[in-house]
Amino acid sequence: MTNFLVKTLANAAALLVAVWLLNDITLTGDSTGNKALTLIVVALIFGVVNFLVKPVVKVLTFPLFVLTLGLITLVVNALMLMLTSWLAGQFDLSFHVDGFWTAVLGGLIISVVSWALNVALPDRKD
C-alpha cells in the first residue's frame with residue numbers, strides 16, 4: 001500500500017512539473033487545496049490508464065516499436081496523457097492538455113520526472 005501511495009504522489013509531482021513548465025497543460029481551481037486534490041485524482045487516473053491501457057497499446061503497436069527503434073514511445077505516452085485529460089474532463093476535473101505536440105512534450109517531461117523520483121524513492125516490499 002505504501003508503494004502505491006508513493007507512486008501516486010510521484011505521478012502527481014511529475015504532472016505538476018509538466019503543468020508548471022507548459023502553458024498548454026492547465027490545472028485550474030479556486031484554491032490550492034482544490035488544485036492539490038485535483039492533481040492527486042488526475043495522478044490516480046494517469047496511473048490507471050498507464051496500468052490498463054498502455055500495455056495493450058504497446059502490444060498492438062509492437063511492429064512500430066521495432067521499426068522506429070522505440071521512438072513511438074513518445075507518441076504512446078502523449079496518447080496516454082491525452083486520454084487522461086479526456087477522462088479528467090469526463091469526471092469534471094479541471095485538468096486539460098491542449099494539443100498533441102503539447103502532450104508529446106508533457107509526456108516526455110512526466111517520464112523524466114517520474115523516472116528521477118522512482119530512482120530517488122526505491123520500491124519497498126510491504
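**View 1. A nonpolar patch on the surface of a predicted model.** Helix α1 gives the nonpolar patch its largest share, three residues. The members are F4, L5, L9, I40 and L44, and together they have about 440 Å² of accessible area. Both α1 and α2 put in at least two residues each. Take F4, one of the patch residues: it sits in helix α1 and counts as partly exposed because its relative accessible area is 46%, which falls between the 20% and 50% cut-offs.

**View 2. Helix α2 from end to end, with its kink.** This helix runs through residues 32-60. From first C-alpha to last, its 29 residues reach 40 Å, close to the 42 Å expected at 1.5 Å a residue. Look for V53, where α2 has a kink of about 40°.

**View 3. The buried side of the story: what covers α2.** Tucked away in this helix are T38, L39, V42, A43, I45, F46, V49 and K54, the buried residues of α2. Their cover includes the helices α1 (2-21), α4 (72-90) and α5 (100-120), along with the strands β1 (25-27) and β2 (95-97).

**View 4. L60, an exposed residue of α2.** Here we are at L60, which belongs to helix α2 (residues 32-60). L60 counts as exposed because its relative accessible area is 67%, and the cut-off for that is over 50%. Now find V97: L60 and V97 are 37 residues apart in sequence, and their C-alpha atoms are 25 Å apart in space.

Conventions
Residues are numbered from 1 along each chain as its sequence is written. This is a predicted model: local features need pLDDT of at least 70, side-chain atom pairs count only at pLDDT 80 or more; totals for chains, interfaces and linings use all residues. Side-chain values use heavy atoms; hydrogens and water are left out. Helices (H or I, at least four residues) and strands (E, at least two) are DSSP runs, numbered from the N terminus. Buried means under 20% relative accessible area, exposed over 50%, partly exposed in between (1.4 Å probe, protein chains only). The expected span of a helix is 1.5 Å times one less than its number of residues. The bend at a residue is the angle between axes fitted to the seven residues ending there and the seven starting there. Contact means heavy atoms within 4.5 Å. Patches are made of residues with over 30% relative accessible area and no salt bridge: like charges are joined within 9 Å, nonpolar side chains (Val, Leu, Ile, Met, Phe, Trp, Tyr) within 5 Å. Accessible areas come from the Shrake-Rupley method with a 1.4 Å probe; for residues, only the protein chains shown count as cover. A salt bridge is a side-chain nitrogen of Lys or Arg within 4 Å of a carboxyl oxygen of Asp or Glu.
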